[in-house]
Structures are given as structure tokens and as C-alpha cells.
Amino acid sequence: MTALSSQARGRGAGVNMSGRFEAYTRSLFDDGWQGLEDLPAFKTTVFEEKPKSIITRNDSPDVGFDQSINPYRGCEHGCSYCYARPAHAYMGLSPGLDFESKLFAKPEAAKLLRAELLAKGYVPRTIALGANTDAYQPVERERRITRALLEVMAEFNHPVGIVTKSALVTRDIDILAPMAKKGLVKVAVSVTSLDARLARAMEPRAATPAKRLAAIEQLSAAGIPTVVMVAPIIPAVNDAEIEAILAAAKTAGAQEAGYVMLRLPHEVKDVFKDWLQNTMPERAAKVMSLVKSASGGKEYDNAFGIRQTGTGPYAWTIGRRFELSCQRLGLNCRKLKLDTGQFRRPPQPGDQLSLL
């Protein structure tokens with residue numbers, strides 16, 4: 001699978017398979033000229049991408065939004081289960097280690113967003129920020145592309161929903177808090193486990209569970225509506241923690257909650273199963289058996305309405321546990337709908353002045 005354990009140290013994926021669009025597959029072979037042990041570890045490299053537009057639109061009926069912006073391709077958090085990994089195959093790269101070590105930044109994202117919002121035909125609808133890869137992954141500390149996007153949305157009074165597993169989101173409270181007062185923003189923080197050791201194994205370069213809960217607390221204290229996402233729920237790995245995660249997030253100030261079952265599209269299956277076998281081999285067979293039971297006997301069912309929550313007795317049980325826990329804790333009593341009515345285009349240089 002073109003990767004050695006020494007090369008993958010500190011990463012989520014242990015493999016670097018060829019993408020599904022490649023004409024050839026790659027494999028490691030020691031030809032006697034250089035020992036495989038001399039191969040360097042995978043280091044994070046950031047490339048710059050210059051797209052012509054920045055807002056992505058979709059018509060999927062089960063994702064809850066139809067507009068999104070992803071400031072980055074790839075994600076250094078390195079979650080072995082990340083459903084976005086297959087997208088790297090479109091770049092001629094591997095959904096394995098390449099996905100978390102070869103990143104693409106979009107430095108002109110804010111400029112592109114401004115142009116799209118100024119277009120006369122633009123109709124304001126909530127934009128999901130970081131829906132595919134995390135907008136607050138480590139590279140954002142230096143690049144600050146996400147912050148620049150928020151500055152534009154604040155200027156236009158444009159509603160935005162954020163999903164992240166990074167505590168870095170608290171850096172932008174100075175922008176988010178004024179937007180929250182206008183009903184323009186909510187932040188969802190993904191908490192997959194309260195066990196720091198398990199979280200590090202699943203998401204090696206993401207914030208610790210304690211820091212994520214602290215982020216929810218800081219955001220809530222600043223008046224910013226917060227959501228806890230128990231996502232993904234992985235059978236026989238973190239499913240026992242549903243109630244505890246929800247309770248901890250409620251204590252921290254979360255008002256809403258959501259969950260998503262493990263999704264294994266395309267190459268994600270190979271990355272996740274390799275991680276599972278290396279991390280908890282004694283449990284691997286049970287995990288995959290339950291995964292199949294929630295996916296109609298398959299490792300993944302991509303049907304709308306099923307891919308997020310699964311089907312069958314196990315998936316039903318997970319759903320009922322989540323609902324009952326939310327009812328008991330008072331989560332989801334009221335779901336905030338962000339306001340699109342305040343959208344305005346600020347005056348631009350060269351605009352005709354009003355006579356009144």
C-alpha cells in the first residue's frame with residue numbers, strides 16, 4: 001500500500017493507496033539500491049490553489065445545507081474515518097497519507113466570496129463553512145483564510161454555519177459574537193470521544209476532547225449558539241459514549257446536538273480497516289460486523305436518508321439512545337434557524353450615490 005509504519009508515525013492513515021482514477025497502482029519494492037527503511041516520513045506540504053469560484057452548491061436532500069465553502073483541500077487532522085478522503089483522488093493523489101500531508105489552500109477565497117456575494121443574482125442562503133474538510137485545521141493558524149472569509153460574511157450580514165473539531169475556532173470569537181447577536185451564526189463542534197487516548201488514535205492531530213469541550217464553553221459564554229456533533233459513531237469503538245458526550249457538551253453550554261453514523265465510501269474503507277486492524281485487532285471483526293448490520297449487509301450504503309444514520313436494529317438503537325438522551329438533557333428543544341433577511345451588499349467604490 002506504498003507506506004511503511006515509520007513513514008506514517010503520527011498520522012491517522014497507515015496506507016497510501018493509489019486513487020481510484022489512477023491508471024496504475026503503486027507498491028513498495030526494495031530493488032537493492034536503497035533500503036526501504038531509508039524512506040522519509042510523510043511531511044505536511046501546502047500547495048496553493050486558485051479556483052474561479054469559492055461557493056460550492058449541492059442538491060443532496062440529507063445534508064442540511066445547499067451552499068458550502070471549503071478553504072482547504074485535505075485535512076491534517078488525519079481522521080482515519082474521514083468521508084472526505086476520496087476527494088483527493090480527483091487531484092491525482094492518494095486518499096490515504098497524501099490526504100493528510102498534501103494540502104491545498106485557497107488564498108484568494110475571501111476575494112472570490114466578496115465577488116460572488118456582490119453579484120446581482122446572488123440569493124442569500126446559509127453557507128456551511130468547512131463541510132468537507134476542517135476550516136480550522138492546523139494550517140489555518142498561519143494562513144487565516146477562514147478568518148478572512150468570516151470577515152466578509154460579517155460585512156455582508158451573511159449567515160454561516162461552522163463545523164469543526166478544533167479549538168482554534170475560539171480565536172474568531174471577536175467576529176462570531178457580533179454575528180451571533182444578529183442570528184447569523186452557529187458553531188458545531190465534533191466530539192467523538194471523551195477518552196483522550198482513543199481520540200488521539202482516531203484523530204491524531206485534532207484538538208483533545210477537553211479542548212473541544214472548553215471551546216464549546218467559551219463560544220457559549222460569548223453568546224454564540226453551539227451544537228455538539230457526536231460524529232461519527234463507530235460501532236464497538238465509541239458508541240458506548242453517546243450519553244456521556246452529550247451530557248458533557250450540555251454542561252459546557254451546547255444547546256443543540258446531532259450525530260452521524262460511520263461512513264465508509266470508496267477508499268475510506270481501506271484506510272479505516274487498516275487503522276482498525278492495527279489499533280484494535282481484537283475488536284476489528286466485531287466492528288465491521290456491526291457496520292455491515294447498519295448498512296444492509298454492506299460496508300457502506302450511500303443511499304440518501306440512510307447513509308447518515310444507517311438502517312436495521314443496531315442503527316435504530318443508536319438513534320433512540322441519542323433521542324432519549326437529548327430529551328433528558330434538554331438538547332434540541334429549539335433549533336436555531338439562521339437569518340438570511342439581514343443580508344446586504346455594502347457600498348462599493350464607484351457606486352452611484354443616493355439622492356436622498
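User: Is Ala-236 buried or exposed?

Analyst: In this predicted model, Ala-236 lies in the loop between strand 9 and helix 8 (242–252). Its relative accessibility is 14%, and the cut-off for a buried residue is under 20%. Ala-236 therefore counts as buried.

User: What phi does Ala-236 have?

Analyst: Most residues other than glycine have a negative phi. Ala-236 is not a glycine, yet its phi is positive, at about 65°.

User: Where does Asn-332 lie, and is Asn-332 buried, partly exposed or exposed?

Analyst: Asn-332 is not a glycine, and its phi is positive at about 65°. Asn-332 is placed in the segment after helix 11 (313–329). With a relative accessible area of 22%, Asn-332 falls between the limits of 20% and 50%, so it is partly exposed.

User: How far from Cys-326 is the nearest cysteine sulfur, and how many disulfides does the structure hold?

Analyst: Cys-326 is buried, with a relative accessible area of 3%. For the structure, the number of disulfides is 0.

User: Is helix 2 roughly parallel or roughly antiparallel to helix 4?

Analyst: The axes of helix 2 (residues 109–118) and helix 4 (residues 145–156) come within 8 Å and cross at roughly 25°. Angles under 35 degrees count as roughly parallel. Helix 2 is therefore roughly parallel to helix 4.

User: Which residues of helix 4 make the contact with helix 2?

Analyst: Helix 2 passes helix 4 in a right-handed crossing. From helix 2, the contact involves Ala-109, Ala-110, Leu-113, Arg-114, Leu-117 and Leu-118. From helix 4, the contact residues are Ile-145, Ala-148, Leu-149, Val-152, Met-153, Glu-155 and Phe-156.

User: Which residue stands opposite Tyr-72?

Analyst: The open sheet of 3 strands has the order 1-5-4, with mixed pairing. Its edge strands are strand 1 (45–48) and strand 4 (72–73). Strand 4 pairs with strand 5 (residues 102–105) in the antiparallel sense over 2 bridges. In strand 5, the residue opposite Tyr-72 is Ala-105.

Notes. Residues are numbered from 1 along each chain as its sequence is written. This is a predicted model: local features need pLDDT of at least 70, side-chain atom pairs count only at pLDDT 80 or more; totals for chains, interfaces and linings use all residues. Side-chain values use heavy atoms; hydrogens and water are left out. Two strands pair if DSSP finds at least two bridges between them. Helices (H or I, at least four residues) and strands (E, at least two) are DSSP runs, numbered from the N terminus. A disulfide is a pair of cysteine sulfur atoms within 2.5 Å. Buried means under 20% relative accessible area, exposed over 50%, partly exposed in between (1.4 Å probe, protein chains only). Axes are lines fitted to C-alpha atoms, for helices over the stretch in contact, and angles run from 0 to 180 degrees between N-to-C directions. Angles under 35 degrees count as roughly parallel, over 145 as roughly antiparallel, 65 to 115 as roughly perpendicular and the rest as oblique. A crossing is left-handed if the near helix is turned anticlockwise from the far one by less than a right angle, and right-handed if clockwise. Contact means heavy atoms within 4.5 Å.
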